[in-house]
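Please examine the model shown below together with its sequence.

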Amino acid sequence: MNFIAKTITETRRVKGLTQEELAEKAKVNLRTIQRIENSESDPRGTTLNFICDALEIDISQLLSTENPDVRKSIGSIITNGVFLLILNLLLTAIIGFLTLDTNANINSIFAGFLVSVLT
């Protein structure tokens with residue numbers, strides 16, 4: 001369920017309205033309300049204004065609060081990326097340390113380092 005549909009559904013329920021009552025109050029078709037709440041369609045300008053007026057909610061708040069969900073998902077993507085980067089560097093250091101041998105010549109040490117960094 002998208003954010004607008006979820007907000008409309010929750011607000012309607014909090015106000016104790018049925019879909020039929022909301023449709024009557026907003027002067028829109030019942031099927032329109034059902035489609036919006038089931039995320040089958042997004043309400044457009046006039047319909048959204050009528051629904052917001054019937055539910056007594058501000059349309060600008062409804063539309064502007066959709067962005068924090070996107071920011072949260074971007075924040076979690078960045079957090080996951082940083083975690084994976086740190087984990088990769090840690091594993092690279094461990095593999096690099098294990099491939100190094102104290103009796104190895106400089107070429108073997110350099111090759112071991114390259115293998116650990118490039119894997």
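Ser39 sits in the loop that joins helix H3 (30–37) to H4. Helices in this account (H or I, at least four residues) and strands (E, at least two) are DSSP runs, numbered from the N terminus. Although Ser39 is not a glycine, its phi is positive, at about 60 degrees. With a relative accessible area of 30%, Ser39 is partly exposed; buried means under 20% relative accessible area, exposed over 50%, and partly exposed in between (1.4 Å probe, protein chains only).

The model is a predicted one, in which local features need pLDDT of at least 70 and side-chain atom pairs count only at pLDDT 80 or more, while totals for chains, interfaces and linings use all residues. Residues are numbered from 1 along each chain as its sequence is written, and side-chain values use heavy atoms, with hydrogens and water left out.

The protein chain contains seven helices and zero strands, and its elements run α-α-α-α-α-α-α from the N terminus on. Of the 119 residues in the protein chain, 23% are buried. Contact here means heavy atoms within 4.5 Å. Among the contacts in the protein chain with a separation of 6 or more, 53% come from residues 24 or more positions apart.

An α-helix has 3.6 residues a turn, so residues three or four places apart point the same way. Thr7 counts as buried, at 18% relative accessibility.

Within helix H4 (residues 45–55), Leu48, Ile51, Cys52, Ala54 and Leu55 are buried. Seen down the axis of H4, these buried residues fall within an arc of 160 degrees, so they line one face of the helix. Thr46 and Asp53, on the other side of H4, are exposed.

Which residues of H1 and H4 make the contact between these helices? The axes of H1 and H4 come within 10 Å and cross at roughly 30 degrees, where axes are lines fitted to C-alpha atoms, for helices over the stretch in contact, and angles run from 0 to 180 degrees between N-to-C directions. H1 and H4 are therefore roughly parallel to each other; angles under 35 degrees count as roughly parallel, over 145 as roughly antiparallel, 65 to 115 as roughly perpendicular and the rest as oblique. Ile4, Ile8, Thr11 and Arg12 of H1 make the contact with Leu48, Ile51 and Leu55 of H4. By class, these residues divide into five nonpolar, one polar and one charged. For this classification, Ala, Val, Leu, Ile, Met, Phe, Trp, Tyr, Cys and Pro count as nonpolar, Asp, Glu, Lys and Arg as charged, and the others, Gly among them, as polar.

Helix H2 (residues 19–26) also meets H4: their axes come within 8 Å and cross at roughly 110 degrees. That makes H2 roughly perpendicular to H4. On the side of H2 the contact is made by Leu22, Lys25 and Ala26, and on the side of H4 by Phe50, Ile51, Ala54 and Leu55. This contact has six nonpolar, no polar and one charged residues.

H2 has a further contact, with H3. The axes of H2 and H3 come within 8 Å and cross at roughly 115 degrees. Here Gln19, Glu20, Leu22 and Ala23 in H2 meet Leu30, Ile33, Gln34 and Glu37 in H3. The contact of H2 with H3 has four nonpolar, two polar and two charged residues.

Glu56 lies between H4 and helix H5 (59–64), and its phi is near 60 degrees, a positive value in a residue other than glycine. Is Glu56 buried or exposed? Glu56 is exposed, with a relative accessible area of 61%.

Terms used: Arc of directions from axis to C-beta.
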